[in-house]
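This report describes selected local features of one protein model.

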Amino acid sequence: MRYANSLTWQSVCLGLLALSLVLFAGSVTASSNDWEIRVREPAQLSVELPEQRSQRTLVNDRRIFYSYRGQGALWLDMQQATAARIEINGRELALPVELSQQPMILSLADYTRDGLNQLHVAAVEPPGAAIHLRFDYPRLVEGSAEQAGFSAQRLAELDALIEQEVAAGFPGAVLLIAQNGRVIKETAYGYAKRYDSQGQPLAQPEPMQTDTLFDIASNSKMYATVYAVMKLVTDGLLDVNAPIARYLPEYQGDGRELRLVRDLLDHSAGYGSELHFFRPDNRLGADFYSIETERTKQLLIEQVPFERPRGHRAVYSDTGFMLLGALVERVAGMALDSYLEQELYRPLGLSSTWFNPLQKGIAASRIAATELDGNTRGGIRQQFPAMRRGVLRGEVHDEKAFYSLAGVAGHAGLFSTARELAMLMMLVQHGGYGDLPVFSQPVIQQFVRPSSRDHRFGLGWRTAVGGDLDWHFGPYASRYAFGHTGWTGTATLIDPQYDLLVVLLTNKKHSPIARDGNSYYFTGDRFETGMYGSVMSLVYQAMLGL
């Protein structure tokens, strides 16, 4: 979907909201029991036609739906009708010679185009009869860079950049690019495991695969916690403008009653960036030491103090999202990972997206390694009682998630592959995937628009507005782009203007530690691939012919 440069973000959001109201108007309960079993409402577009909703001739019996060229499905229930003329983008849809009185699924592959598509029900017989139509959401399919018009030269430069850095010691990466619902590039580089716990290269390093799972770190905030919140809001179970105390009644005192759910999402509640619950010598003292999940949640809900007033400029906070994870669990009535698996990941058909993947039957050999020697920073870091040793693989790297919340946290802990993340990213583009409805369009727009407090953030999402985050999105992303990053070396980008998805997963923390004066750094952090922006820049240059 392309927007004119003169449009403001506000006008775009209003237009999309109007579109969403059109798409969701007209949902009805079908008369066929079979239809009720097979169709989950709301669909992208679910409508009973013909209609008489307007005196304006060219308004009635017309709708729009989103699809991509060569895909799309229509669920058609003729109900009491014996004949119909249905037009898609001005072309009459060929119906079966023998029309079934049971719901039918018709392919739209020969009729659809990229972007908005037009539906017109031109006639239904006999007079007074009506038909029920339901359109599926787009899916991710295979494509090619050549067909998409991407520059082969720029993509070669992109490959060369990452391959040269792997040759210089960078561990590995997987890059997926999709445009208009088609995967035009999915490439693995380097190694899933390259170094031993002493930082020495392995004699037989393990190659990276396109289906390697990564610890996506803070991208978990989006594709786990924010998605859980968006689902609960869509289902009418949660109001982001309500006080947190509505859902966590014990959240009281010191101004907690004033904090809203949205304050956690846009990082304006007033919490500090993080609290090392897993260390007895954390900055708030031994009273805040916890390596027990329920105690950690109790501390988050009742005791962790604020560092600044509510509503000031956003300060990125793991603490706020850890609390948000506990809130989701209270509203959902189950653990965060169980809720997501039940309501989203498994219905979507994902098989490689998990918290605690080793406990879910995923072999360590399928997962990219992270830090070389536990959480020791190469032996530089002062030890604490529960500290791990050895190469981390399949256990969440983040210490707060691993030690204090048993691997399932609102801020970190999710593992996934590039392909499955791209499928998840399509949900926030369209609201669903295939025949699975997930989010309403109004909820999507509510979450991805920039906050009035700090334009760098939506409700959870990072935005490309203003260019502040060009280090993530690159200099050519549209002002409507959004996404997130993860400390372990992961970056996702969704750009509605170009219908572009980019997933860059690296294991940059799987690299030797180097000293920098009195400090230290992971050597993988100093490579362009692990800093995201140059990779994103080359993706846009390849797409735009720059």
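Two strands are taken as paired if DSSP finds at least two bridges between them. Helices (H or I, at least four residues) and strands (E, at least two) are DSSP runs, numbered from the N terminus. The model is predicted, so that local features need pLDDT of at least 70 and side-chain atom pairs count only at pLDDT 80 or more, while totals for chains, interfaces and linings use all residues. Residues are numbered from 1 along each chain as its sequence is written, and side-chain values use heavy atoms, with hydrogens and water left out.

**The four-stranded sheet**

An open sheet is formed by four strands in the order β1-β8-β3-β6, with antiparallel pairing. The edge positions belong to β1 (45-49) and β6 (104-107); each has a single partner strand, so one side of each is left without a neighbour in the sheet. Strand β3 (residues 73-77) runs antiparallel to β6 and is joined to it by four bridges. Within this pairing, Leu 74 has Leu 106 in β6 as its bridge partner.

**The strands around β19**

How many residues of β19 are buried? The count is five of five, and the strand is described as mostly covered. Here buried means under 20% relative accessible area, exposed means over 50%, and partly exposed lies in between (1.4 Å probe, protein chains only). Both faces of the strand are covered, with Phe 482, His 484 and Gly 486 buried on one side and Gly 483 and Thr 485 buried on the other.

β19 takes part in two pairings described here. β18 and β19 run antiparallel and are joined by two bridges, and Thr 463 stands opposite Phe 482 in β19. Five bridges connect β19 to strand β20 (residues 490-495), again in antiparallel fashion; His 484 has Thr 492 in β20 as its bridge partner. The hairpin of β19 and β20 has three residues between the strands, and Gly 489 takes a positive phi near 120 degrees there.

**Salt bridges**

Side chains of opposite charge can pair when their charged atoms come close. A salt bridge is counted when a side-chain nitrogen of Lys or Arg lies within 4 Å of a carboxyl oxygen of Asp or Glu. By this rule the model contains 37 salt bridges.

| Arg 393 | Glu 206 | 2.8 Å |

The salt bridge of Arg 393 with Glu 206 links distant parts of the chain: Arg 393 lies in the loop between β14 (354-355) and α10 (399-405), Glu 206 lies in strand β12 (residues 201-207), and the two are 187 residues apart. Arg 393 counts as buried because its relative accessibility is 14%, whereas Glu 206 is partly exposed at 28%.

Arg 453 is partly exposed, with 29% relative accessibility, while Asp 263 is buried at 0%.

For the remaining tabulated pair, Asp 281 is partly exposed at 44% relative accessibility, and Arg 279 is buried at 10%. Salt bridges with shared partners also join Lys 221, Glu 274, Asp 318, Asp 398 and Lys 400 into one network.

Leu 161 is located in helix α4 (residues 152-167) and counts as buried because its relative accessibility is 18%. Apart from neighbours within four places in sequence, Leu 161 is in contact (heavy atoms within 4.5 Å) with Glu 528, Ser 534, Val 535 and Leu 538. Leu 161 and Leu 538 are 377 residues apart along the chain, and their C-alpha atoms are separated by 9.7 Å.
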